[in-house]
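Here is my note on this structure. Please read the points with the model open beside you.

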Amino acid sequence: MISITAILKSKPEHLTEIQNLITNLVNETRKEAACIRYDLHTSENVFILWEEWKDQAGLDLHNSQSYLKDFIKNTESLVSSPIQVYKTAQIL
């Protein structure tokens, strides 16, 4: 299993727009066969995606999806800093 944490910081004036875009991303991603978990958390203008994938092939397929590419392109000017993505391994 592969775990990913992605962190987005919205510019305050684009909070609603980011939330709408990320909601669509979550809904589409959850339909993928290799997606075990794709949870969205928020605090003020920060959005955190906690992802779990069955395998690298499934994650690679996700990363090639047009809705993910469109999300990244469409949010570039709406975020206050680049999206941070961490591929992690559970240790406890």
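1. Start with burial. A residue is buried under 20% relative accessible area, exposed over 50%, and partly exposed in between (1.4 Å probe, protein chains only). His41 counts as partly exposed, because its relative accessibility is 44%. His41 has its place in strand 2. Helices (H or I, at least four residues) and strands (E, at least two) are DSSP runs, numbered from the N terminus.

2. A word on the source. This is a predicted model, in which local features need pLDDT of at least 70, side-chain atom pairs count only at pLDDT 80 or more, and totals for chains, interfaces and linings use all residues. Residues are numbered from 1 along each chain as its sequence is written, and side-chain values use heavy atoms, with hydrogens and water left out.

3. Stay with His41. Which residues is His41 in contact with, leaving aside neighbours within four places in sequence? They are Val46, Phe47 and Ile48. Contact means heavy atoms within 4.5 Å. His41 and Ile7 are 34 residues apart in sequence, yet 9.6 Å apart in space, C-alpha to C-alpha.

4. Next comes the loop between strand 2 and strand 3, where Glu44 is found. Glu44 has a phi near 55 degrees. That is a positive value in a residue other than glycine. Is Glu44 buried or exposed? Glu44 counts as exposed, because its relative accessibility is 72%.

5. Now the aromatic rings. The structure holds 1 aromatic pair. Tyr38 and Trp53 form this pair, edge-to-face, at 6.2 Å centre to centre and 75 degrees between the planes. The cut-offs are these: rings of Phe, Tyr and Trp (its six-membered ring) pair if their centres lie within 6.5 Å; planes under 30 degrees apart count as stacked, over 60 as edge-to-face and the rest as tilted. Tyr38 lies in strand 2 (residues 35-43) and Trp53 in strand 3 (residues 46-53), so the pair ties together parts that are 15 residues apart in sequence. Both Tyr38 and Trp53 are buried.

6. Follow the chain to Lys54, in the loop between strand 3 and helix 2. Leaving aside neighbours within four places in sequence, Lys54 is in contact with Met1, Ala33, Ala34 and Ile36. Lys54 and Ser3 lie 51 residues apart in sequence and 9.2 Å apart in space, C-alpha to C-alpha.

7. Look down helix 2. Its buried residues are Gly58, Leu59 and His62. They line one face of the helix, because they fall within an arc of 100 degrees seen down the axis of helix 2. The arc is that of the directions from the helix axis to the C-beta atoms. Ala57 and Leu61 are exposed, on the face of helix 2 turned away from its buried side. The buried residues of helix 2 pack against strand 1, helix 1, strand 2, strand 3 and helix 3.

8. Helix 3 can be read in the same manner. Tyr67, Leu68, Phe71 and Thr75 are its buried residues. They sit on the same side of helix 3, because they cover an arc of only 100 degrees around the axis. Their cover includes strand 1 (2-9), helix 1 (15-29) and helix 2 (56-63).

9. Take Thr75 by itself. Thr75 lies in helix 3, which spans residues 66-75. Thr75 counts as buried, because its relative accessibility is 1%. Not counting residues up to four places away in sequence, Thr75 touches Ile18, Leu21 and Ile83.

10. Ala6 is found in strand 1, and is buried, with a relative accessible area of 6%. Its contacts, leaving aside neighbours within four places in sequence, are Phe47, Ile48, Leu49, Glu51, Gln84 and Val85. Ala6 and Lys87 are 81 residues apart in sequence and 8.8 Å apart in space, C-alpha to C-alpha.
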